[in-house]
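Colleague: I am new to this one and would like to know where the descriptions come from. Could you walk me through them?

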Amino acid sequence: NDFVTIIDRKKQGLALSSKQIVLLIRAITDCSASDQQIATFTQAVCQHGMTSTETLALTVAMSQSGENLKWKLNGPVVDKHSTGGVGDFMSLVLAPTLAACGAYVPMITGRSLGHTGGTVDKLESIPGYNSSPSLSQFQQCVKEVGMAIVAQSSNIVPADKRMYAIRDATSTISSVPLIVSSILSKKVAEGLDALVIDLKWGNGAFARHYDVALELKSGIVEVAQAIDLKVECLLSDMSMPISCNVGNSLEIIEVIEFLSGQKRHPQALMLLENLASSLLIKSGLAVDKQQALGMIDTALSSGRAAEQFAKMIHYLGGPSDLVSRPNAYLKDAKVIKPVFAKRSGRISGYNMKHLGEMCRQLSISKNKPTTISRHRTGVSLLLPVGTQVDICVPLCHLHAESHEDWDTQARFLQQHCITVDSGEFTQTHHPIGQ
Ligand code: URA
């Protein structure tokens, strides 16, 4: 059939026509293509790449595989997307901050992909939260609350929903055309006025090296321009923690502390300011960065951003007092203990991919290893690069649901996730969202 011929062409490294790409996406959407065939296709793209014309055609075809939203609201419709990070809770503080500044944020977000965390998984650690409302509930929530953060539904870009799951299961994630089309197709379907992309690079990102991040950036910008989507890509370093927690409910607690002003990690605040100000300017809500920073500061310090978050959680089925009483709903894991370095010295670096993989191992269900269900697990109190540690100063605390898990993952963490050097240490500069 046509689909087999198209896959075969890609396997030979040949370019596909727009018509072939439309046929392909149709077969993926109506399920006439099997999971195995889709996996073969994504493998062939990982191996041979795609031209910019093919990537554009793939993005457009995917965006048309489901419904496209249209909005009639009293403010601009904006969104942010990350190319995937570890301990990256940014969407959860950014959306309420923007909503408090007068923007509307219909955020369709992903589950954990490979070693990276998923915003939907973090939200699902909140009892009662419905991350898959109907399309009309989602639209109503955006209209009434100013924001909604939900999982991808079968109505919006179903082709990506299917491909995303298959890419995750077949390790075919790190491909520029597949990432560009996956992200932009969803954003086109959201009907946005402006988009900012937090393009992660470094050992915890899919783009491990800066030049790959630049390639991804130009891929995104090229397609976005062709489809007339206002977008800015900011590059940020994912080779060290953004803040100090990795884990679904641990990050929700951090979001609440951040929004309510109890604790704001400076790196996380800087990233939020860069991403939010880009959108406030691009959407016309602020004339320049100075005004945008003032608006962000007011949104946070007045408590309005925290209120927005609380309203959305309640609107989508979560507890009405989550922000005031997080500990009543987000319980501790069974085993929480500090992990110490094997020797004294300074933390000279992190392997964030290994850290993400370790946290995924802690969080997956033992009976169904593809499902993330142990939301209370992860690591907390991670320290900045350069911090002196010794047998009295732990590297972090590890949260597990059994002693066996704790022992296995603590060993892995000491050996593969955090490097401690006794030699001289020079701090390197890590740009945040530039
Ligand atoms: N985020 C997405 O939505 N898709 C990708 O392929 C990678 C990150």
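Here is our talk about the terms and the values behind them.

Modeller: Two notes to start with. This is a predicted model, in which local features need pLDDT of at least 70, side-chain atom pairs count only at pLDDT 80 or more, and totals for chains, interfaces and linings use all residues. Residues are numbered from 1 along each chain as its sequence is written.

Colleague: What makes the radius of gyration of the chain agree with a compact globule?

Modeller: The radius is taken over C-alpha atoms, and the globule rule is 2.2 Å times the number of residues to the power 0.38. For 434 residues a compact globule would have a value near 22 Å, and the chain has 21 Å, so the two agree. The C-alpha atoms fill a box of roughly 65 × 50 × 40 Å along the principal axes.

Colleague: Why is V223 called buried?

Modeller: A residue is buried if 20 or more other C-beta atoms lie within 10 Å of its own, exposed if 12 or fewer, and partly exposed in between, with C-beta atoms placed from the backbone. V223 has 25 such atoms within 10 Å, so V223 counts as buried. Of the 434 residues of the chain, 52% are buried.

Colleague: Which residues does V223 touch, beyond its neighbours within four places in sequence?

Modeller: T55, L56, T59, V180 and L184. Contact here means that the C-beta atoms, placed from the backbone, lie within 7 Å. V223 sits in helix α10, residues 210-226; helices (H or I, at least four residues) and strands (E, at least two) are DSSP runs, numbered from the N terminus. The chain has 17 helices and 11 strands.

Colleague: What makes a set of residues a nonpolar core?

Modeller: Its members are buried Ala, Val, Leu, Ile, Met, Phe, Trp, Tyr and Cys residues joined through C-beta atoms within 7 Å. The largest one has 132 residues, and L98, M147 and A148 touch the most other members. Among the contacts of M147, not counting residues up to four places away in sequence, are A95, Y104 and M312.

Colleague: How do you know that the shell around the ligand has no charged residues?

Modeller: Asp, Glu, Lys and Arg count as charged; Ala, Val, Leu, Ile, Met, Phe, Trp, Tyr, Cys and Pro as nonpolar; and the others, Gly among them, as polar. The ligand is surrounded by T83, G84, G110, L113, L178, I179, S182 and I183. That divides into four nonpolar, four polar and no charged.

How values were computed. A residue is near a molecule or strand if its C-beta atom, placed from the backbone, lies within 6 Å of it. Two residues are in contact if their C-beta atoms, placed from the backbone, lie within 7 Å.
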